[in-house]
Amino acid sequence: MTLADPPLAATAIAAAERIVIKIGSSLLVDRKTNAVDLVRLRGLAADIAGFKAEGKQVLVVSSGAVALGRRRMGSRARGAGLEKKQAAAAAGQSMLMHAWESVFDPHDVITAQILLTRDDTETRRRWLNARATVGALLDMGAVPIVNENDTIVTDQIKYGDNDRLAARVAQLISADLLVLLSDVDGLYTADPRVDPDAEHIPYIEALTPEIEAMATGANAEAGVGTGGMATKLMAARIAGEAGCATLIAQGRPKTKGARTLEEGRRCTVIAASTTVKAAYKQWIGGSLATRGELVVDKGCARALARGKSLLAVGVLSAKGDFGKGDPVEIYDENGVEIARGLVRFDANDLSKIIGVRSAGLKAALGYQAGPEVVHTADLALR
């Protein structure tokens, strides 16, 4: 930990190209009326529109569907039982999206709904599909609005809280910065509500046991919703290991109409422990059990070494019962492993296109497919 020259919110945001912003129910839904706090959402939408005007890509992780659904359904949605919570989520999700659309429309920003379960970020094939879809939306200039799919999720497949969901989404899209909007302006050495001597910590270089201990006990309740400061630090660790810095900031502007993330706002910035690219390549190269083997020709091996993608025309043979998105080992003609990567075809389809040039893929497969067997972004050289 260092307290010297801490990066401000504006500095951290300026350095990021792809940002995930998480806002919880207690910040989004007015506690007195149980309606969406449109004033706060308009301020946040203005922030995000400003970031997009600077060329940044932004994704929002938004709670609120259950709270809004209970308001909409009334007494029928109250009481214990998972099915009532899921029914409330189903009724409230459309209200939540309508609110986001209404605050982004004046900025000519398109929103898109993404509902995830834990399997979507922890099962490789679904992870790749989700990554591709969200990436396409960001490239098209949309702002994806992500929430956990509470309508179908059970305790066994829940993320647990939206701080963790936001961290997994940051990992999914290789974000540079995760912004966790809270009801406090960052981490303190103790709970500032009860300890007048508690000191604000503006910058954390590494999440040590000493730092994590500050978020336990009373301070663990200083966050919003089902999370707290402890869950925010856990999310920061997940994000940091994926090369993504974390910013914890007050989600309630000090004055009505003020921007949520105005310059100079006090916050806590937690540095990433690696880079996005290094983290992803390490995950592919060393953290996954491979499901198959590919052998490539000399020209393909040279192309891979220059940072090119693996194309079907360069594949000599394949073995293993692998599916789309599974990790495979890649060997040269001499039997030397030269790379590992996530394959974009299952074993059956790949067997049909071994040695086939890109122009012949549709005829061989019977459907249109991209030319890459393993894209360079999903490839880790040995």
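Colleague: How many helices and strands does the secondary structure of the protein come to?
Modeller: This is a predicted model, and every value here is computed from it. Its secondary structure comes to 14 helices and 17 strands.

Colleague: What share of the residues in the protein is buried?
Modeller: A residue counts as buried when its relative accessible area is under 20%. The protein has 382 residues, and the buried share of them is 51%.

Colleague: Of the contacts between residues at least 6 apart in sequence, what share joins residues at least 24 apart?
Modeller: A contact here means heavy atoms within 4.5 Å. Among contacts between residues at least 6 apart in sequence, the share that joins residues at least 24 apart is 73%.

Colleague: Which part of the accessible surface belongs to carbon and sulfur atoms?
Modeller: The accessible surface of the protein comes to about 17300 Å². The part of this surface that belongs to carbon and sulfur atoms is 50%.

Colleague: Which element gives the largest share of the lining of the largest pocket?
Modeller: The largest pocket has a volume of about 680 Å³. Its lining has 28 residues, and the closest to the pocket centre are Leu128, Arg131, Ala132, Arg344 and Asp378. Helix H7 (124-139) and helix H11 (276-286) are the elements that give two or more residues to this lining. The largest share, 8 residues, comes from H7.

Colleague: Which elements are included in what covers the buried residues of H11?
Modeller: H11 is one of the elements that give two or more residues to the lining of the largest pocket. In H11, Val276, Ala279, Tyr280, Ile284 and Gly285 are buried. What covers the buried residues of H11 includes H7, helix H10 (229-241), strand S15 (337-342) and strand S17 (379-381).

Colleague: Is aspartate 108 buried or exposed?
Modeller: Aspartate 108 lies in the loop between helix H5 (82-104) and strand S3 (111-116). Its phi is positive, about 55 degrees, although aspartate 108 is not a glycine. The cut-off for exposed is over 50% relative accessible area. Aspartate 108 has a relative accessibility of 73%, so it counts as exposed.

Colleague: Is serine 174 buried or exposed?
Modeller: Serine 174 is found in the loop between helix H8 (162-172) and strand S5 (177-182). Serine 174 is not a glycine, yet it has a positive phi of about 55 degrees. Its relative accessibility is 18%, so serine 174 counts as buried.

Colleague: What distance separates the C-alpha atoms of leucine 207 and isoleucine 270?
Modeller: Leucine 207 lies in the loop between strand S8 (203-204) and helix H9 (209-213), and at 16% relative accessibility it counts as buried. Not counting residues up to four places away in sequence, leucine 207 touches Glu212, Leu233, Ala236, Arg237 and Ile270. Leucine 207 and isoleucine 270 are 63 residues apart along the chain, and their C-alpha atoms are separated by 7.9 Å.

Colleague: How many disulfides does the structure hold?
Modeller: A disulfide is a covalent bond between the sulfur atoms of two cysteines. Cysteine 244 is buried, with a relative accessible area of 1%, and cysteine 267 counts as buried at 4% relative accessibility. For a disulfide, a pair of cysteine sulfur atoms has to lie within 2.5 Å. The number of disulfides in the structure is 0.

Definitions and conventions. Residues numbered from 1 in each chain as written. Predicted model: local features only at pLDDT ≥ 70, side-chain atom pairs only at ≥ 80, totals over all residues. Heavy atoms only, no water. Buried < 20%, exposed > 50% of the residue type's maximum accessible area, 1.4 Å probe, protein only. 1 Å grid on protein atoms, 1.4 Å probe; cavity = no way out; pocket = protein on both sides within 12 Å on 5 of 7 lines; lining within 4 Å. Points joined across faces, edges and corners; volume = space filled by probe spheres on them. Helix = DSSP H or I, 4+ residues; strand = E, 2+ residues; numbered from the N terminus. Areas by Shrake-Rupley, 256 points an atom, 1.4 Å probe, with all protein chains shown as cover.
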